[in-house]
Amino acid sequence: MADLGARTWVVPGGHLPCPSNGPEPQFTGFDQVCLLNAADAEAEVSLEIYYEDAEPVGPYRIRVGARRIRHVRINDLIDPEAVRLDRPYGCVLRSSVPLVVQFLRQDTRLPGTVALATAMAHPV
């Protein structure tokens, strides 16, 4: 099982819709990256965010324990800079050990409903 996955992954697109009812954005969903480390060593992951009209931001540093899974919300990435929630983005993940990566989106725009979409990230 330790040889599952790849060391570099690409998520071609994501977007956190956040219409505002005032000075603070009202979150209507979130994007999340799920990282599965089946290796016997801790994974040191770096993640870079790419925008259409700005230079990439990152790296964001994430650790995933050996034989563990970790879920990371994109809007929780704030160091070195908060992810810009008002525009589409893509990201590249690089890991010290092979990982399996899944990208999830939860949308709660309609009252009383929850939509969940999932896609595998693309290994490079």
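Colleague: Leaving aside neighbours within four places in sequence, what is Gly-58 in contact with?

Modeller: Gly-58 is in contact with Leu-47, Glu-48 and Pro-80. Bear in mind that this is a predicted model.

Colleague: Where does Gly-58 lie, and is Gly-58 buried or partly exposed?

Modeller: Gly-58 lies in strand S4. Its relative accessibility is 29%, so Gly-58 counts as partly exposed.

Colleague: What kind of peptide bond joins Gly-58 and Pro-59?

Modeller: A cis one, with omega at about 10°. Pro-59 lies in strand S4.

Colleague: What about backbone angles elsewhere? What is phi of Arg-67?

Modeller: Near 55°, which is a positive value in a residue other than glycine. Arg-67 has its place in the loop between S4 and strand S5 (68-73).

Colleague: Let's zoom out. How many helices and strands does the chain come to?

Modeller: Zero helices and eight strands. Along the sequence the pattern reads β-β-β-β-β-β-β-β.

Colleague: How much of the chain is made up of buried residues?

Modeller: Buried residues make up 37% of the 124 residues. As for surface, the chain exposes about 7,300 Å², and carbon and sulfur atoms supply 54% of that.

Colleague: And the contacts between residues at least 6 apart in sequence: what share joins residues at least 24 apart?

Modeller: That share is 68%.

Colleague: OK, the core. How many residues are in the largest nonpolar one?

Modeller: There are 26 residues in it, and those with the most contacts inside are Leu-35, Leu-47, Ile-49, Ile-62, Leu-77 and Leu-93. The elements giving two or more residues to this core are strands S1 (6-14), S2 (29-37), S3 (43-51), S4 (57-64) and S6 (89-107).

Colleague: Which of them gives the most to this core?

Modeller: S6 does, with seven residues.

Colleague: Pick Ile-62. What is Ile-62 in contact with, leaving aside neighbours within four places in sequence?

Modeller: Ile-62 is in contact with Leu-35, Ala-43, Glu-44, Val-45, Leu-47, Arg-70, Val-72 and Leu-77. One of those, Val-45, has Ile-62 in S4 as its bridge partner.

Colleague: How do S3 and S4 run, and how many bridges join them?

Modeller: S3 and S4 run antiparallel, with six bridges joining them. A hairpin through five residues takes S3 to S4.

Colleague: What's up with Val-92? Where is its place, and is Val-92 buried or exposed?

Modeller: Val-92 has its place in strand S6. Its relative accessible area is 12%, so Val-92 is buried. Not counting residues up to four places away in sequence, Val-92 touches Thr-8, Trp-9, Val-10, Ser-46, Leu-47, Glu-48 and Tyr-50.

Colleague: Now charges. How many salt bridges does the count come to?

Modeller: Six. One of the pairs is Glu-44 with Arg-63, at 3.2 Å from N to O. Glu-44 lies in strand S3 and Arg-63 in strand S4, so this pair ties together parts that are 19 residues apart in sequence.

Colleague: Is Glu-44 partly exposed or buried? And Arg-63?

Modeller: Glu-44 counts as partly exposed at 47% relative accessibility. Arg-63 also comes out at 47% and counts as partly exposed.

Colleague: Which residue does Glu-48 form a salt bridge with?

Modeller: Arg-94, with the closest N and O atoms 3.3 Å apart. Glu-48 sits in strand S3 and Arg-94 in strand S6, so the pair ties together parts 46 residues apart in sequence. Glu-48 is partly exposed, with a relative accessible area of 22%, and Arg-94 is partly exposed at 40%.

Colleague: What does Arg-87 form a salt bridge with?

Modeller: Asp-53, the closest N and O atoms being 3.0 Å apart. Arg-87 is in the loop between S5 and S6, while Asp-53 is in the loop between S3 and S4, so to speak a link between distant parts of the chain, 34 residues apart. Arg-87 counts as partly exposed at 23% relative accessibility, whereas Asp-53 counts as exposed at 57%.

Colleague: Which residues do salt bridges that share partners join into one network?

Modeller: Glu-42, Glu-44 and Arg-63.

Colleague: Last one: Asp-31. Is Asp-31 buried or exposed?

Modeller: Asp-31 counts as buried, at 0% relative accessibility. Asp-31 is found in strand S2, and a polar contact of 2.6 Å joins its side chain to that of Tyr-89.

Methods. Residues are numbered from 1 along each chain as its sequence is written. This is a predicted model: local features need pLDDT of at least 70, side-chain atom pairs count only at pLDDT 80 or more; totals for chains, interfaces and linings use all residues. Side-chain values use heavy atoms; hydrogens and water are left out. A nonpolar core is a set of buried Ala, Val, Leu, Ile, Met, Phe, Trp, Tyr and Cys residues joined through side-chain atoms within 4.5 Å. Buried means under 20% relative accessible area, exposed over 50%, partly exposed in between (1.4 Å probe, protein chains only). Helices (H or I, at least four residues) and strands (E, at least two) are DSSP runs, numbered from the N terminus. Contact means heavy atoms within 4.5 Å. A polar contact is a pair of N or O atoms within 3.5 Å; within protein, one must be able to donate a hydrogen and the other to accept it, and residues adjacent in sequence count only if both atoms are side-chain atoms. Accessible areas come from the Shrake-Rupley method with a 1.4 Å probe; for residues, only the protein chains shown count as cover. Two strands pair if DSSP finds at least two bridges between them. A salt bridge is a side-chain nitrogen of Lys or Arg within 4 Å of a carboxyl oxygen of Asp or Glu.
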